[in-house]
Amino acid sequence: MSKDRLPPARAAEEIRQQKFPDCKAFFLSGSVVSGEATAHSDLDLVVIYDSLEAAWRESFLYKDWPVEAFVHDPATFKYFLQMDGQAAKPFLAGMVAKGIALPVASEYSLALQAFCQKHLDDGPAELSENEITRRRYGISDLIDDLRAPRSHAEAMASGARLLEGLSDFYLRRQRLWTTDGKAIFRRLQDADEKVCKQFESAFKMLFSTGDASLCIALTEEILQPSGGFLFAGYRHVAPKSWRLE
């Protein structure tokens, strides 16, 4: 990436004028707003129109900036907000609530940001008992794979799945929003610095040496308040509609 590319807000405003001049609201978000940008960060944009046939996501380059645009109208925005809420990963709400309205804030953009912030403040729904049981079983199965992996490579593969599954379970049991990928440790840090350090130490050891002992101990600690590891007695019944005649 060029060191001479436009400042992010200026580049975003030019994009708004050229590609989305008739939009109702336009937000710049992501790491360039939060102060965590790197040389390879992109511009994350949320664009709201009065009405669209369908929402879309678009990726493109603008003057050496990689750009991700998420384009909605109020109805599609609410739908995606609901879908994100069911997954407990408030991607879209976070982009708007923490974003910058361009060219300036309006009554509509401020109201939308307040709506999204309330959505974030309310937190995700509690996990049902069935979902807690299902996740305990899945995490326990991954731990069994780590107790005697056939190779370091297999341990890393199981560990990658465990990192996402276990962090998700921990956050959801705290009634906190969850996430995946590179944002996991930031979300854990926000939730509990001590727990975040436990995750870092455990998975660093696993990925670097193949030693899963800290991961097993951490998993046991996190599952214990919910009933611990689970195998014997687990039963999951498929919906009756899952059949072909």
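A nonpolar core here is a set of buried Ala, Val, Leu, Ile, Met, Phe, Trp, Tyr and Cys residues joined through side-chain atoms within 4.5 Å, where buried means under 20% relative accessible area with a 1.4 Å probe, protein chains only. The model is predicted, so to speak with limits: local features need pLDDT of at least 70, side-chain atom pairs count only at pLDDT 80 or more, and totals for chains, interfaces and linings use all residues. Numbering runs from 1 along each chain as its sequence is written, and side-chain values use heavy atoms, leaving out hydrogens and water.

Start with Leu162, Phe199 and Phe203: these touch the most other members of the largest nonpolar core, which has 27 residues. Now colour α6 (129-147), α7 (152-173), α8 (184-191), α9 (193-209) and α10 (213-223), the helices (DSSP H or I runs of at least four residues) that each give two or more residues to this core. The top contributor is α7, with 7 residues.

Zoom in on Leu162. Beyond its neighbours within four places in sequence, its contacts (heavy atoms within 4.5 Å) include Ile139, Leu142, Phe203 and Thr219.

Next, pick Leu28, Val32, Val71 and Leu102, which belong to a second, separate core of 20 residues.

The open sheet has 5 of them, ordered β3-β4-β2-β1-β5, with mixed pairing (at least two DSSP bridges between two strands). Strands β1 (25-29) and β5 run antiparallel, joined by 2 bridges; Leu28 has Ile100 as its bridge partner in β5. Finally, select helix α1 (8-19), which packs on the sheet and touches β1, β2 (43-48), β3 and β4 (65-72).

Terms used
Axes fitted to C-alpha atoms, helices over the stretch in contact; angles between N-to-C directions. Buried < 20%, exposed > 50% of the residue type's maximum accessible area, 1.4 Å probe, protein only.
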